[in-house]
Amino acid sequence: MPGSATIGRRLAILLPFLWLALFFAVPFIFVVKISLSEAAFSIPPVTDLFAMDGGLLTIRLNFDNYGLVLGDSLYLTALLTSLRLAFTSTLLCLLIGYPMAYAIARAEPGMRMPLLLLVILPFWTSFLIRVYAWMTLLQDQGMINSILIWTGIIDSPLRILNTDIAVQLGIVYSYLPFMILPLYATLERLDKDLLEAAADLGARPWTAFLRVTLPLSLPGIAAGSLLVFIPAAGEFVIPELLGGPDTLMIGKILWQEFFNNRDWPVAAALATMLLVLLAGPILLLERTQAEDKP
Amino acid sequence: MTANPSRPAPKPGAGTDVLVRVQGVSKFFGDVTAVDGVSLDIRRGEFFSLLGGSGCGKTTLLRMLAGFEIPSEGSILIDGVDVARVPPYERPVNMMFQSYALFPHMTVEGNVSFGLEQEGVAKPERRRRVAEALELVQLGAYGKRRPHQLSGGQRQRVALARALVKRPKLLLLDEPLAALDRKLRERTQFELASIQEEVGITFVMVTHDQEEAMTMSTRLAVMHAGRIVQVGTPTEIYEFPANRLVGEFIGTINVFEGHLASVGAGASDIEVAGLGAIRLDHAIEGGVGAPLAVGIRPEKMRIARADAAEPVDGPAVNRLEGTIEDIAYLGDLSIFHVRLADGRRISVSRTNITRRRDDPLTWEDPVVVQWDAAVPVVLHA
């Protein structure tokens, strides 16, 4: 049976494609379809793209939604705010997460698992509850303000909750593990001989870090940054709970368009644009990494 | 010590002034003593090997020379300077790692240039020296490649060039040939030795392979259980092993245990129960009756079929009778396992000097094994 091996191999390749088609491509096509329709008072609240008019198939594509999204500065501002917050969050996660991942990777082998467990532990509690917990911590009569006033550092409570700072804090807190885990994976795999070789060739510890450890952990940095940046850019729970009325993030706007305004086409257009915007950097990264691989 | 007649002169090339002085160095890891009170002098220009089985402490000693481990006791002087607490990046020492430890994200040139950059060598000078070092290891055309694009042998040479380019006072090699296949290893042995002669840098190599150590080194130290058992030239170590352990670790040796029967200026006899006397051509220290072990290398014995053996006049001295139990034909030589009268087995080798011998030896042949009185060596416990 010469063909069976090839068929098996093709099936093996086909499976992830099927997965991708079923859970990404098909839903995405629906979203694009909705983005090209018009809002209507119906269930679902959109018009159909295809209509049979006698024997005539008519297709109505409505590009107004994209025009609206591109034309209204609200959406653009929200988008830019989201990208800015996602970017600073990613940077903060990297600055906080790298030393943590490095320390865990360099810890005694027996200590690594418990330390990693501590990083993952918050996941065992509901995300929503953890964000609510931050609300009680950050509010005017919350623990942070109480302690600051009690110690006499400040006289009147700081306004932290319902500001961009609170949103930033919430995002960094929530997504830090996503930065630490891939960083740990790369740093732990790093060949210790390379650092000894660098020291042997005259590199002081800091130079060895900059010239050897850091460049070799770039894949981990890239993976961690993507894992933080992408969900952070689309985040809507954290700005909803910790942000103020003026915190405009694209995820929150999307939510509002869908559920408050019931304007599915505009929401879908927003979602499509967000995806295109975020997919670009990923594809670029993928390509540069593919070139680098042996 | 045995009052032995002629000790071979050391190989030429090695100077006599000491570059590295290891004084009473010990290293403990918790309860484990990895290196146990080692003292050792390594001379300038030498190709020195640390030879021993795994866990004998040779790698730990090398890592202390490199600065990756700090001695628990004792001192290490390089060119008269105590370096025991000098970090690796400040030592005039470079190391070639067993894993090569090439930086995968740098080109071959980048790897070789790295050490010079740390020294602050100016760019034109750096480029010249990198090119020179790559030329020395015959990799001039490979500068732009990445380590993963090279074969194992090429990687090994990049690692060598990277260590040599710094012109260290001392170059350390940790099992430099372990990852190469047999043919390449043999060729590289000679290459490494000739490069060492060319650059004149002192090499210290760690190896578990006695053949490698013998081929390449001017002197070597045999280590066991954290201690140095014997230091000497390859010939000294092979021909005059200090004790049974060295004799058995380096090559093959037939050991006979007996007691001293008579001592004379030109002949000492050792009586081996059940086999007869083994005669040595010099006086041996120790009283008559003292227990002794002597060793005889397989290639220093002659083997012949019993009916074709040299005739004996007088008592049978340095002569054993037995039966061939097994034959290993290695091409250049054959090794015969001979079962002696008392049941013990010895190895005797014979060079195959012709294509087909007129006195072929085969299984179960009764044979006579003989040797000269200059051949046996006394092995201390």
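Residues are numbered from 1 along each chain as its sequence is written, while chains are lettered from A and ligands numbered from 1 in the order in which they are written. Because the model is predicted, local features need pLDDT of at least 70 and side-chain atom pairs count only at pLDDT 80 or more, whereas totals for chains, interfaces and linings use all residues.

**Confidence**

The average pLDDT (the predictor's confidence in each residue, from 0 to 100) of chain B is 89, and 94% of its residues score at least 70. Residues 1–14 of chain B stay under 50. Where pLDDT is low, the predicted coordinates should not be read in detail. For the complex, the predictor gives an ipTM of 0.83 and a pTM of 0.82.

**The sheet**

Helices (H or I, at least four residues) and strands (E, at least two) are DSSP runs, numbered from the N terminus. Two strands pair if DSSP finds at least two bridges between them. In chain B, six strands form an open sheet with mixed pairing, in the order 6-7-8-3-9-10. Strands 6 and 10 of chain B stand at the edges with a single partner strand each, so one side of each has no neighbour in the sheet. Strands 7 and 8 of chain B are joined in the parallel sense over five bridges, with L172(B) opposite V204(B) of strand 8.

Here are some of the elements with their residues:

| Element of chain B | Residues |
|---|---|
| Strand 6 | 93–96 |
| Strand 7 | 170–174 |
| Strand 8 | 202–207 |
| Strand 10 | 227–232 |

**Two helices side by side**

Axes are lines fitted to C-alpha atoms, for helices over the stretch in contact, and angles run from 0 to 180 degrees between N-to-C directions. The axes of helix 2 (residues 108–119) and helix 4 of chain B come within 7 Å and cross at roughly 25 degrees. These two helices of chain B are therefore roughly parallel (angles under 35 degrees count as such) to each other. Helix 2 of chain B contributes V108(B), N111(B), V112(B) and G115(B) to the contact, and helix 4 of chain B contributes V158(B), A161(B) and R162(B).

**Meeting chain A**

Two residues are in contact if their C-beta atoms, placed from the backbone, lie within 7 Å. On that basis, 17 residues of chain B touch 16 residues of chain A. Helix 2 of chain B gives the most to this side of chain B, with four residues.

Conventions:
Parallel < 35°, antiparallel > 145°, perpendicular 65-115°, else oblique.
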